[in-house]
Amino acid sequence: METVLLLALTEPDGSLGRPALEALAAAKALGGELIVGLAGAETQAAANQIAGCGAARFLAVTGEAFAEGRYSTDAAAAEALCRAAGAPLVIAPSTSRWARALPGVAYRLGGRVDTHLTGIAMSGDGPMVTRWFYRQRMEATLTRAGRPWVMLLDAGCIPAWSGEAGSAAVERLAVEIPLTRTTVTGFQAPQAGEQTIRPDAKLLFVAGAGWTKKQADGATHVPEAESLILGFLRGAKASLGGSKSLVDLSGEGEAVLRFMTHLNQIGQTGATPRHPKGLSTCCHGEEPHVVGWRFVTERRAINLDANCGWARGKADVLYVADAFEVMRHVNRMLEAQG
Ligand SMILES: Cc1cc2nc3c(=O)[nH]c(=O)nc-3n(C[C@H](O)[C@H](O)[C@H](O)COP(=O)(O)OP(=O)(O)OC[C@H]3O[C@@H](n4cnc5c(N)ncnc54)[C@H](O)[C@@H]3O)c2cc1C
């Protein structure tokens with residue numbers, strides 16, 4: 001079995017996040033010799049965190065220059081780790097930083113890269129990977145003869161590695177810091193208010209355009225919609241998704257939910273998040289939207305229309321009801337639970 005290099009960037013607190021631990025589990029499952037390659041401002045704590053993973057070597061590129069996400073420094077660190085490890089197989093979590101830097105690294109190494117993988121397993125004497133094409137409409141499995149083969153694993157697809165921490169002997173690599181044009185001065189969050197996108201949440205709450213439409217009394221009730229949705233998100237610690245119609249409204253100068261941006265959009269031209277459960281409200285459930293629910297395991301919807309898209313086999317449960325009324329009641333129950 002071929003040697004596998006796991007590439008991981010450390011978090012600001014020096015630890016490894018869940019996507020890195022999932023990629024580690026995938027790397028271990030292949031059964032070959034394992035080398036861990038870490039990059040970040042601090043790497044010893046991360047190596048200690050996974051000391052019990054059975055890696056033959058822990059390599060690290062360490063320093064402030066590698067703390068921030070920047071193509072040139074991330075790619076330089078990854079290239080140095082790949083060259084030092086000399087592994088034919090390289091597995092990394094598909095974080096925004098690695099997804100940006102590793103295709104270029106694969107090119108520099110004369111290798112191949114596959115992104116957005118949802119599974120990596122052994123088939124014969126090499127790995128076989130799974131990924132979706134055409135915005136999650138077709139699933140394919142593929143193998144490759146080219147090496148090194150860089151594989152980026154999407155988060156949430158396999159259980160994270162868990163095991164003993166300890167004390168790992170880290171081999172530090174000296175990397176010449178490349179000339180950088182980009183200076184990270186801080187972060188600007190797209191939401192004006194609180195964070196509503198929570199990839200780790202157990203529940204995805206989707207709001208559709210219906211929340212901003214005229215209701216039975218002939219009037220719109222956008223402020224109440226806002227408070228019901230935010231109240232539910234806080235109470236249930238859910239993540240917020242939106243339909244395209246709803247997130248597009250802001251561009252048309254219509255009454256909008258102020259915390260909703262295009263980043264919340266679920267669907268063919270939006271995101272395809274992974275949550276165990278989903279609750280759709282005031283959203284019709286058209287195919288371009290529902291295709292973004294591909295990886296949501298249990299789906300429920302609330303719609304006034306018994307003939308909405310969800311009724312056609314797209315939801316496990318459809319409540320034919322007024323979402324305002326239902327969510328008022330649900331929020332009261334959540335408040336009572338404290
Ligand atoms: C190429 C292409 C790509 C697309 N990509 C996406 C995508 O990525 N994501 C996406 O979402 N869409 C996408 N769309 C658009 C998609 O086809 C739909 O137009 C969109 O999802 C509709 O949004 P909606 O259900 O929120 O709004 P509407 O269709 O307006 O539905 C609103 C719903 O709210 C219900 N409602 C109103 N009031 C209440 C109430 N009080 N209680 C309960 N229910 C109520 C109504 O019965 C209605 O069903 C795409 C379309 C195309 C052509």
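Among contacts in the chain between residues at least 6 apart in sequence, what percentage join residues at least 24 apart? The figure is 67%. Keep in mind that this is a predicted model.

**The chain as a whole**

Let's start with the big picture. The chain has 338 residues, and 48% of them count as buried. Its secondary structure comes to eight helices and 14 strands. Taken along the principal axes, the C-alpha atoms fill a box of roughly 70 × 45 × 40 Å.

Which residues of helix 1 are buried? They are Ala20, Leu21, Glu22, Ala23, Leu24, Ala25, Ala26 and Ala27.

Just after helix 1 comes Gly31, with a positive phi of about 90°.

**Two helix pairs**

Two packed helices are described by the angle between their axes and the distance between the axes. Here are two such pairs side by side:

| Helix pair | Axis distance | Angle | Handedness |
|---|---|---|---|
| Helix 3 (residues 71-85) and helix 4 (residues 96-108) | 9 Å apart | about 55° | right-handed |
| Helix 5 (residues 222-236) and helix 8 (residues 323-337) | within 10 Å | roughly 40° | left-handed |

Take helix 3 and helix 4, which pack at about 55°. That angle makes helix 3 oblique to helix 4. On the helix 3 side, the contact is made by Tyr71, Asp74, Ala75, Ala76, Ala78, Glu79, Cys82 and Arg83. They meet Arg97, Trp98, Arg100, Ala101, Leu102, Gly104, Val105 and Arg108 in helix 4. Sorted by type, the residues of this contact are nine nonpolar, one polar and six charged.

Now for helix 5 and helix 8, whose axes cross at roughly 40°. Helix 5 is therefore oblique to helix 8. Helix 5 brings Glu224, Ala225, Ser227, Leu228, Gly231, Phe232, Gly235 and Ala236 to the contact. Their partners in helix 8 are Phe324, Met327, Arg328, Val330, Asn331 and Leu334. How many residues of the contact of helix 5 with helix 8 are nonpolar, polar and charged? The count is eight nonpolar, four polar and two charged.

**Two residues up close**

Finally, let's look at a couple of single residues. Ser239 is found in strand 11 (residues 239-242). Is Ser239 buried or exposed? Ser239 has a relative accessible area of 3%, so it is buried. Leaving out residues up to four places away in sequence, Ser239 touches Thr196, Ile197, Arg198, Ala201, Leu203, Leu204, Phe205, Leu233 and His275. Its C-alpha atom is also separated by 9.7 Å from that of Pro273, 34 residues apart along the chain.

Asp248 lies in helix 6 (residues 244-249). Why does Asp248 count as partly exposed? The reason is its relative accessibility of 28%, since partly exposed covers the range between under 20% for buried and over 50% for exposed. Asp248 and Ala209 are 39 residues apart along the chain, and their C-alpha atoms are separated by 9.3 Å.

Methods:
Residues numbered from 1 in each chain as written. Predicted model: local features only at pLDDT ≥ 70, side-chain atom pairs only at ≥ 80, totals over all residues. Heavy atoms only, no water. Buried < 20%, exposed > 50% of the residue type's maximum accessible area, 1.4 Å probe, protein only. Helix = DSSP H or I, 4+ residues; strand = E, 2+ residues; numbered from the N terminus. Axes fitted to C-alpha atoms, helices over the stretch in contact; angles between N-to-C directions. Parallel < 35°, antiparallel > 145°, perpendicular 65-115°, else oblique. Left-handed = near helix turned anticlockwise from the far one by under 90°. Contact = heavy atoms within 4.5 Å. Nonpolar A, V, L, I, M, F, W, Y, C, P; charged D, E, K, R; others polar.
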